[in-house]
Structures are given as structure tokens and as C-alpha cells.
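This report describes the pockets of the structure shown below and the residues that line them.

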Amino acid sequence: MVGFLIKKVFFDIWDNLLSVIGLSIGYIVMLLGLFLAGMVGEYSSVLALVVVVLDILLYSFYSLGVNAITYGYSKYQKEGFKAFKEAFRYHWAHALLHAGLCMALLLILLYIIPFYIAAGNMVTMFLGMLMFWLAVMLFLVMQYFFPLCFHMQGDGAMKTLKKSFIVVSDNVGVSLFLLLRSLLGFALTVVTAGLIPGLAGISLSRMDTLRLLMKKYDFLEENPDCTKKDINWDDLLYEERELVGPRSLKGMIFPWKD
């Protein structure tokens, strides 16, 4: 599965490269909000906090729209701005909960963990480590939050969060691989000034990961007597392999000549 996942993510980004770059530029604009908060913080810490909160809200709602588009790309469809707009109409509660999770994560990383470590005794060091692993768990869970929002659109925000925990606990290896891939993607994004793969490309990789995992859950639902050991990924991913298709370097650069 992992080998095909790498291939699918690469070609999904390649096939929608200009759009992925354009969506990633939107994240760069939001990054400027953090610089604004730093400038405002020299005069008013309260106003700086307000700017950060508003920037996180903007980030979460924008991410909701981006995930609506990458959900289409993952299915080999291009739904465009319509999907972006409709995401706000139907899933705004998911964006609000996502913003709350982001704020909690920042609070843990920037204040709670440093506070416990600075106390300098064994009890607080232990609590600091617990907070660190809680932050890691939140990172893992949030990878699936928006993808699950679109793959299971009838669920409310809290139910989606609960299912995100379930997916992580049931797919620890894949979740850790996805986290590592996201970190490498973020490093490459920094090198390319926020463009490739960009946060939109990272979003697409998470959407593709859940799409393949859903194949497993669909199989188990259709075959209640089977277990995960009975899954044949070659058979399960046959249709996906056909959709991605064989690719050549010539066909990637000059598709009209292939």
C-alpha cells in the first residue's frame, strides 16, 4: 500500500500542480498574519493574541476549503471553487473545532511544556513529557480530521474527531509514516518558498492516504467474517492502479504526445 500511496500522491500533485501551487500561496498570505501579530505584540499583547486567534480561524476555514478541493483531486475530479464554497456551508463546525485544536496545540507547545520543563523537578518533567506525547497524538489525529470530514460527510465535527482517533489507533504505522511524510513535505515547502508541495500538497497526501485506508474499511464491512490479515492490497487497489495508470517521463511533461 505505502509504495502505491507514494506514487499516487506524486501524480495527483503533478496532475494538479498549478492549482496546488495557487492554493499553497493562500497559506503564505496567512503566514503574514503571524508576522503582523509579532509587530502588534510590541505595543499590545492582547491585540497580538486577537490577531493570532483570527489568523488561526482563517487558517482553519481556508484549510477546510482546500481539503474540499483536494478531496476531488484524490477522486480524479476537479470540482473547483464550487467545492471550496460549499465546504463552508456544510462543514463550518469542523473548521471551528479544527481551529480550537490548533489553539490547544499551540498552547501546549509554546506555554504548557516550557512551563513544566522550567519548573525543573521530576514531577513537572514527567508532566511535560506527557504533554509532549499529547501534542504528538494531536498531530497524528489532525492529519485525518479534514479528510474524514469529506469522506464521511454525514458526521458532525465531534464524531469526525472521534473517528480520527480510531483511525490513528487502528493504523499506527501508516499514521507515523504520514506524519514523517508531512514533515519532509514541510521541509521541502520551506526550501521552495512555500510552493511545492506546499500545505495544499500535504493536504492532498493526507486525503490520498485516507482514501486508500477507506478501501480497507469498505472491504471489512462487506466481508464481516474477514480480518485485516485477510486483506489483499493488490486486489484492493486494482481499480486505483488502473486510474493512476502507467506513466512515462514524456507523458508527464508532454501529455498530448503520449
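How do the residues of the lining of the largest pocket divide into nonpolar, polar and charged? They divide into 29 nonpolar, nine polar and two charged, where Ala, Val, Leu, Ile, Met, Phe, Trp, Tyr, Cys and Pro count as nonpolar, Asp, Glu, Lys and Arg as charged, and the others, Gly among them, as polar.

This is a predicted model, in which local features need pLDDT of at least 70 and side-chain atom pairs count only at pLDDT 80 or more, while totals for chains, interfaces and linings use all residues. Residues are numbered from 1 along each chain as its sequence is written, and side-chain values use heavy atoms, with hydrogens and water left out.

A pocket is an open set of points on a 1 Å grid over the protein atoms alone, where a 1.4 Å probe fits and protein lies on both sides within 12 Å along at least five of seven lines; lining residues have an atom within 4 Å of a point. A volume is the space filled by probe spheres set on the points, which are joined across faces, edges and corners.

| Pocket | Volume |
|---|---|
| Largest pocket | about 1600 Å³ |
| Second largest pocket | about 280 Å³ |

Of the 40 residues that line the largest pocket, Y59, C102, L106, F186 and L199 are the closest to its centre. The largest share of this lining, nine residues, comes from α4 (helices are DSSP runs of H or I with at least four residues, numbered from the N terminus).

In the second largest pocket, α7 gives the most to the lining, with six residues. By class, that lining has 10 nonpolar, three polar and one charged residues.

Definitions and conventions
Helix = DSSP H or I, 4+ residues; strand = E, 2+ residues; numbered from the N terminus.
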